[in-house]
Each structure stands twice: as C-alpha cells, then as structure tokens.
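Here is a briefing on a predicted model, grouped by topic. Please keep the sequence and structure in view as you read.

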Number of protein chains: 2
Amino acid sequence: MKPKPKLTLLAETFNVSVATVSNALSGKGRISPDLAQRIRDRAREIGYVPSSAGRALRTGRSGVLGLVLPDISNPLFPQIAQAIEQAASTCGYGVLIGDARGSTEGQSEAINRLLERGVDGMLVIPRRGTRVTDIGRPLAMIDSPSTPGNTVSADHHDGGVKMGAYLAELGHRHVLIVAMSSRSIVQADRIEGLKQGLGEQARVELIFTEDLAEQDGAVGSLGLASYVARGVTAVATLSDLTALRVLTELQGAGLSVPDRVSVTGFDDLIWSSAITPGLTTMRADMAEIGRIVVEALVKSIERPEQAERTQSGTVKASPDRVAMELLIRASSGKARHFEVTS
Amino acid sequence: MKPKPKLTLLAETFNVSVATVSNALSGKGRISPDLAQRIRDRAREIGYVPSSAGRALRTGRSGVLGLVLPDISNPLFPQIAQAIEQAASTCGYGVLIGDARGSTEGQSEAINRLLERGVDGMLVIPRRGTRVTDIGRPLAMIDSPSTPGNTVSADHHDGGVKMGAYLAELGHRHVLIVAMSSRSIVQADRIEGLKQGLGEQARVELIFTEDLAEQDGAVGSLGLASYVARGVTAVATLSDLTALRVLTELQGAGLSVPDRVSVTGFDDLIWSSAITPGLTTMRADMAEIGRIVVEALVKSIERPEQAERTQSGTVKASPDRVAMELLIRASSGKARHFEVTS
DNA sequence: CTGAAAGCGCTTACAG
DNA sequence: CTGAAAGCGCTTACAG
C-alpha cells in the first residue's frame, strides 16, 4: 500500500506547476505538446490516478449516477443493470446502486442515500404507482410509455400487439392471458396490446396470478387443464417467469407444448432459450434503452440548458420508447389453424 | 433546483463557526447539548446534506465500496447484489458496480474504473481462474473456500455432500451429475461433495454441458433419455438453470419427474419454487455471506491494523464459509428404494 | 506556452 | 464550550 501519487509530486519531478500538469493530463489549456506527452507518460508510469474527491469538490460533479430499482431480486434486473452499467461507463460515469426492496419507503430511502452520496443524476425504475419528483438533480425514469414522467422504456403495448398478431396468425382464436398484477402499468400495456393484436374475433380470457397466490400458501396450480378443456389453445403470459410456471404445469398435466397448447412469454429471461421446448417470447433491446436513458440523463447533467424536462422534473429522451422484438421458439409451435370451437 | 445549503449558511444563521456546526452535526467535539440540538433541527429543516466531496477530500474516505462481478447477466447476480447492497448500506457505505462482462480484461478494467472513482475497498467475485492481488486498497473476494484468497463464500462442498446424502437416502444408486464447466472451482467443490454424499456404493456419471453446447449451435438435447434407459434414477445438477433444462427435457420426453427420475438443482434461483414440480435445491444464505464479507472489508478500511490479510492481500473473514441449506421440493420425490441395476 | 493563486466544502487539531 | 485556521487534491480563470 504505497502512498498514492499526487499532482504535486508529478509537478515537482518536472519542475512545472500543478496547473501545467493538470492541463497536460486533461488536454485542456495551452501547453507544449512535447511536455504534455512527457507528463502523461510519466503519470502512467508512476500509476497516477487523479483524486476523485479533489476533482469532485472543485468541479461540483461526482461523475456518478444513481440507479434505483424496485427490487434487485427481480429476474429482469440483470439485463437492466448490465445495460445501464455499460452505457454509463461508456459515458464516463460510475453507477451507484440503490434497492427499494419492494416498498415505497425503501424507494425514498434509497433515493436519499444516493443523493447524500452526491450522485450527479438519478435513474429510477419506479415502484408501481409511485411518482418521484423534484429531487433537485436530473432524474430519468424507465417504466412504460404510459407512465407520466417516463423517460424511455420498451414499447410494451407494441410488444403485446406483435405477440397477439403472431398468435392470431398461427390460428389461435381462444387465448388465455396470464398476468401477474392488475396494478402494473407495464402489464396493462401488454394486455391491451395482446388483445388488439389477437383481434376482435378472438376469445380472450384473463387471469392474474396475484389473485391465486394466496389460495394455498405455496405456488398453487393455475388450473390450466380446465381452460384447455374449454378450448384454450394458447396461453400468453406477460413474463417468462409466468410462462415457465405455465409450461411446467401443462407438461406435468400431460398437455404437450406446443402440440396441444402454445405458450408465450415476455422479456427473454435467461432460461427462456435453455428449456425444452424453447420459449417464444418478446425481447426489449435493453442495451439500447440503457444507452438512450443514460445519454439523456448525462446531457441534462452536462448541458442543463439544452435538456428538456417534463413537468414532473424528469428528463425527456427521444425516442421515448423502443420497439420489442418477437423471438420465435418451439413453445408456440408452427402455424396451424384450429377449428373455431362454438 | 434550489442551491444546496452549505455548512457556512448554517453557521451564519446561528452566528457560530462552521467548526461548531460540524461538531453539532457529527456529535464529536465539545458543544452544548442545547445548541447542538437546535443546529441539528435547523439542518433537517432546510434539508442540509453534507457534501460528500468535501468530506471525502478532507477525510480521505469516499464511503463507497466497489463490487466487481464476473458477469452481471448471471442469474445468481440478483441475490448477490441485493445481499451486498443491503449489508453495505447498513454499514453506511454505498456500492458502485463494475461488470467484468465475462472477460479477464473486462475484470481488470472494471477494477481500475472503480479505483479511479475512489472506492475505499473492493469486493470481487473473480472470474474463473483469475487472481486479483494488491490493488492498493482493501480487497475481499467471494468465490469458493477452495480458492486461494477467498474471503467468504457458501460451503459448496458441504452443499454437495448434503445433496448427495439426501439422494442416497431416497434410494438413488445411479446418479447423473450434470455440470456446466470443468474449470469452475465452485462446481468442482460441489461435484466432490456430491460424490462423497452419494457414497462409495453409488454409480455416478458426470457430464459437462459446455462440452455439448457447440454440437449444434442452439441448446441441444442432453440425451437424458438414454441415461434413464441405462438405469439413472436421479439427475443432480450444479445449477437451477441446468436443472430447468433437465426437467423440461425429461418432461418433454415423457419421463415423469419425480415419478420416473428425480431432479435437483443448486442456488434456489427465483423460478425454482414457481415451476411444477417445485425444484429441490441447495440455498446459500446470501444475506449472511454479504454481511460477513462487507463487515470484514469495512473493518479493514476503518481499522486496518486490526484486519487480517492473506498473502495475496485479500481481507480475511471469519467464518470463511457459510453452510448451504437443502430445500426439498417435489422434483426429488418421496423416499423410494430402487432395485440396484446390474 | 506556463505559473501563481483562489477556492470548491468539509473536518480536525489547536488555541482560547 | 466555541472559534480561527489549516489543508485535503484538484481545476480554472487570470496574469504574464
């Protein structure tokens, strides 16, 4: 643990001022190219790393973004965190994580902790039904295009439409939609889209797993067999996690997927390609979403006058939604046209 | 975006020095309890938040820990990140994330980026086969007890033993172990443990999915049916992700789980309780691991003289391993004793 | 092209 | 019990 080299040290070895060293390193200010190069070389040699605290204090910027998630244990989190981390580090920013732990107070606490740590801006994936406003620093939100204050997100409605249209195309006329929560705007958008994509002539049933969850403590049966018996030929879920539950319940009941029933998911979670049959699902380009949201936030930090804000104070991005992509795998089967059951 | 209140402002409103205000807020130094209280009240009122940059520059500490992961998209990541974030924020530290993106250079880059951001200490879950040494700041590693430099981790060998013993107890005498990589120390520990737990009399076969992965591009079949035909009655995997692949392949082939074949996983990933049949698996108490590793790291930061280091410079923790817990669900079935196949 | 100086907002000995 | 002052390590106008 050698003492960290400082600017002064570098300045002394060259008999120049710290200002000159600083300029050499940052490339700003007028300085002879030759000297600048020599200083940079030497800096690398001795492993000089500028003190982030010194710089932050002077410039008023920490170079760090806060990322607040509703619940880190959410299976979608890896995709999101990876996208944000990547985009942020490309822009030269670090990412400090905050976990709302599934509660609204947890969200406020997480935001305050990050604020205290001096983040330059905040990226929030808000908990359902919560609104974050005026934190005194640039704020961007990823949620759903239907959410007020949304900065950018996948176009969940569009994803629903595509999935619905795909199922309709395969010939499905009686579809069961299995959602999780009736209070999720994201899921509501997907449901709307699915119905639209399936078309007027399709018969659509809808259940929410949150309604069933408490029936018998542990994960209970969704009672899918009876839906199939009544003529359902496809189960469209709003999450791969639900799709997995549906798929295994059907297979366990001896109902072959996709021969007897098609199953589709959402989000392209890690296992959707690793199971048999592979899961047909909708994928959001998270890398793209991360790039858009981080760039909008960074712009608002670095050039506040140019950045647009919504009424609630969140940063605006363009585009504010990113199309989802249909990934066709075996769980939805090949095109086949069922007879319409009466 | 009102200007942030500063210490000076607070000092002026009370006609005291900034030193007094600082003491009142931190509780250090001698100051009349009454004045201290009034200052604290006022500080809360005006929403005073001390500048982290100012404090960091003066104290030489940022109050931030770096967390470097081999690959954020790993499904185990949510559990880990949540545990670390929780433990760190309990200790008053923030967590800056770094993603190695699956490569050794990525790991070095991530570490350097975090170092440049002034983290007080670093927490690394190292990529297979890499060693991180002497970063000039306290360093803790989570890997496997068998890894040199390991600070703390789940006792993977112990987990294997428990799982093996459980399967043996159920009567399984011919078991297929499905691992992913032959170069993973964690998996090697689990395999060792499994063999030990299954006992001498058990016939054990072992395959690695990485060997098969390239056979035909996409996820291919593991050819489980033939193993079952040869007498395998249980498939023990080293990850719930693999277990899922096994389970769906078996079900798809008409081999009922657990009636015909038992399946077990590892890690208790989010879906293991949501599928049918529920997946029997081994769970590590990540919250406990996070607590231990963060406390060891923080101790090393705050009281360097008291902290123990390994030869490679990593912080030591006690205990250095945490027992895993067996979660019995339907996929392994009830006790049943198979006839020993010749 | 280079340097001297100010100052970002804190905390911590030290003096009173 | 309180205050004056130094200084953490940078960057940025400004002067030369």
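B:Asp268 counts as buried because its relative accessibility is 13%; buried means under 20% relative accessible area, exposed over 50%, and partly exposed in between, with a 1.4 Å probe and protein chains only. The model is predicted: local features need pLDDT of at least 70, side-chain atom pairs count only at pLDDT 80 or more, and totals for chains, interfaces and linings use all residues. Residues are numbered from 1 along each chain as its sequence is written, chains are lettered from A and ligands numbered from 1 in the order in which they are written, and side-chain values use heavy atoms, with hydrogens and water left out.

- B:Asp268 sits in the loop between S9 and S10 of chain B. Strands (E, at least two residues) and helices (H or I, at least four) are DSSP runs, numbered from the N terminus.
- The side chains of B:Asp268 and B:Arg329 make a polar contact at 3.2 Å. A polar contact is a pair of N or O atoms within 3.5 Å; within protein, one must be able to donate a hydrogen and the other to accept it, and residues adjacent in sequence count only if both atoms are side-chain atoms.
- Leaving out residues up to four places away in sequence, B:Asp268 touches B:Gln79, B:Asp240, B:Thr281, B:Met282, B:Arg283, B:Leu327 and B:Arg329. Contact means heavy atoms within 4.5 Å.
- B:Arg190 belongs to helix H8 (residues 185-198) of chain B. B:Arg190 counts as buried, at 4% relative accessibility.
- A polar side-chain atom of B:Arg190 lies 2.8 Å from the backbone oxygen of B:Leu238.
- With residues up to four places away in sequence not counted, the residues that B:Arg190 touches include B:His156, B:Phe266 and B:Met324.

**Aromatic pairs between the chains**

- Over all chains, the structure holds two aromatic pairs. Rings of Phe, Tyr and Trp (its six-membered ring) pair if their centres lie within 6.5 Å; planes under 30 degrees apart count as stacked, over 60 as edge-to-face and the rest as tilted.
- A:Phe77 and B:Phe77 are stacked, at 5.3 Å centre to centre and 20 degrees between the planes. The pair joins two chains, because A:Phe77 lies in helix H5 (residues 77-90) of chain A and B:Phe77 in helix H5 (residues 77-90) of chain B. Both A:Phe77 and B:Phe77 are buried.
- A:Trp271 and B:Trp271 form a tilted pair, at 4.5 Å centre to centre and 50 degrees between the planes. This pair also crosses between chains, with each Trp271 in the loop between strand S9 (262-264) and strand S10 (281-284) of its chain. Both A:Trp271 and B:Trp271 are buried.

**Surface near DNA strand C**

- Among the 25 residues around DNA strand C, A:Thr20, A:Arg30, B:Ser22, B:Tyr48 and B:Arg58 come nearest. A residue is near a molecule or strand if one of its heavy atoms lies within 4 Å of it.
- H4(B) gives the largest share of this surface, five residues.
- A polar side-chain atom of B:Ser22 is 2.8 Å from a phosphate oxygen of DNA strand C.
- A polar backbone atom of B:Leu7 is 3.1 Å from a phosphate oxygen of DNA strand C.
- A polar backbone atom of A:Arg58 lies 3.3 Å from a base oxygen of DNA strand C.
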